[in-house]
Amino acid sequence: MITDPIADYLTRIRNAVMAKHRVVEVPASNLKKDITKILFDKGYILSYKFEDDNKQGTIKIALKYHPETKAPAFRSIKRVSTPGLRKYVSTDEIPRVLNGLGIAILSTSKGVITDKEARRLNVGGEVICYVH
């Protein structure tokens with residue numbers, strides 16, 4: 001049993017990048033699907049595919065690397081809020097990752113969104129992770 005599925009999801013991606021894998025497969029959930037869509041929209045992953053097997057389903061993520069240097073698209077992906085210690089922020093406390101070069105992914109009343117969108121919509125929420 002996994003106590004923190006989001007940390008497991010981020011760790012699988014991190015380990016696949018360190019091992020230079022092209023594709024990583026993770027168990028699906030609605031929150032993981034939303035995070036995957038944000039990572040794709042912001043250019044941190046190449047593509048993704050949701051596979052439904054009449055149970056939990058899986059997410060296949062194609063990782064993105066630089067064509068010449070083979071460096072991954074992101075340097076770090078870090079879990080912030082954990083089941084044991086949740087990290088909630090109000091609108092004026094939304095963190096800036098690397099002075100705006102990275103993104104913070106938040107779970108808000110408006111759905112799972114980035115830090116920039118949360119500032120624009122003027123909502124706070126739970127900080128899920130930092131990506132840069």
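Start with Ile77: setting aside neighbours within four places in sequence, this residue is in contact (heavy atoms within 4.5 Å) with Leu10, Arg14, Leu39, Tyr130 and Val131. This is a predicted model, where local features need pLDDT of at least 70, side-chain atom pairs count only at pLDDT 80 or more, and totals for chains, interfaces and linings use all residues. Residues are numbered from 1 along each chain as its sequence is written, and side-chain values use heavy atoms, with hydrogens and water left out.

**Ile77 and strand E4**

- Ile77 is found in strand E4; helices (H or I, at least four residues) and strands (E, at least two) are DSSP runs numbered from the N terminus.
- With a relative accessible area of 3%, Ile77 is buried (buried is under 20% relative accessible area, exposed over 50%, partly exposed in between, using a 1.4 Å probe and protein chains only).
- Val131 sits 54 residues from Ile77 in sequence, but the two are 4.5 Å apart in space, C-alpha to C-alpha.

**The H1/H2 pair**

- Two packed helices are described by the angle between their axes and the distance between the axes.
- Here, the axes of H1 (residues 5-18) and H2 (residues 30-41) come within 10 Å and cross at roughly 40°. Axes are lines fitted to C-alpha atoms, for helices over the stretch in contact, and angles run from 0 to 180 degrees between N-to-C directions.
- That makes H1 and H2 oblique to each other (under 35 degrees counts as roughly parallel, over 145 as roughly antiparallel, 65 to 115 as roughly perpendicular, and the rest as oblique).
- H1 and H2 cross in a right-handed way, which is the label when the near helix is turned clockwise from the far one by less than a right angle; anticlockwise is left-handed.
- On the H1 side, Pro5, Ile6, Tyr9 and Ile13 do the meeting, and their partners in H2 are Leu31, Lys32, Ile35, Thr36 and Leu39.
- By type, the residues of this H1 with H2 contact split into 7 nonpolar, 1 polar and 1 charged. Ala, Val, Leu, Ile, Met, Phe, Trp, Tyr, Cys and Pro count as nonpolar, Asp, Glu, Lys and Arg as charged, and the others, Gly among them, as polar.

**Nonpolar cores**

- The largest nonpolar core has 26 residues, and Leu39, Ile61, Leu63, Ile105 and Val131 touch the most other members. A nonpolar core is a set of buried Ala, Val, Leu, Ile, Met, Phe, Trp, Tyr and Cys residues joined through side-chain atoms within 4.5 Å.
- At least two residues of this core come from each of H1, E1 (23-27), H2, E3 (58-63), E6 (103-108) and E8 (125-131).
- H1 is the top contributor to this core, with 6 residues.
- Apart from this core lies another one of 9 residues, including Val89, Val97, Val123 and Val127.
- Not counting residues up to four places away in sequence, Leu63 touches Ile13, Ala16, Val17, His21, Arg22, Val24, Ile45 and Leu46.

**Ile38 and Ile113**

- Ile38 belongs to helix H2 and counts as buried at 8% relative accessibility.
- Beyond four places in sequence, Ile38 is in contact with Ile103, Ile105, Val112, Ile113 and Thr114.
- Between Ile38 and Val112 there are 8.4 Å, C-alpha to C-alpha, for a sequence separation of 74 residues.
- Ile113 is in strand E7 (residues 111-114) and is also buried, at 6% relative accessibility.
- Leaving out residues up to four places away in sequence, Ile113 touches Ile38, Ala104, Ile105, Leu106, Thr108, Ala118, Leu121 and Val123.
- Ile113 and Ala19 are 94 residues apart in sequence, and their C-alpha atoms are 29 Å apart.

**Loops and positive phi**

- Most residues other than glycine have a negative phi.
- Asn99 has a positive phi, near 55°; this residue lies in the loop between E5 (88-89) and E6 and is exposed, with a relative accessible area of 70%.
- Asn122 also has a positive phi, near 60°; its place is the loop between H3 (115-121) and E8, and Asn122 is exposed at 54% relative accessible area.
- Gly84 is in the loop between E4 (77-79) and E5, exposed with a relative accessible area of 76%.
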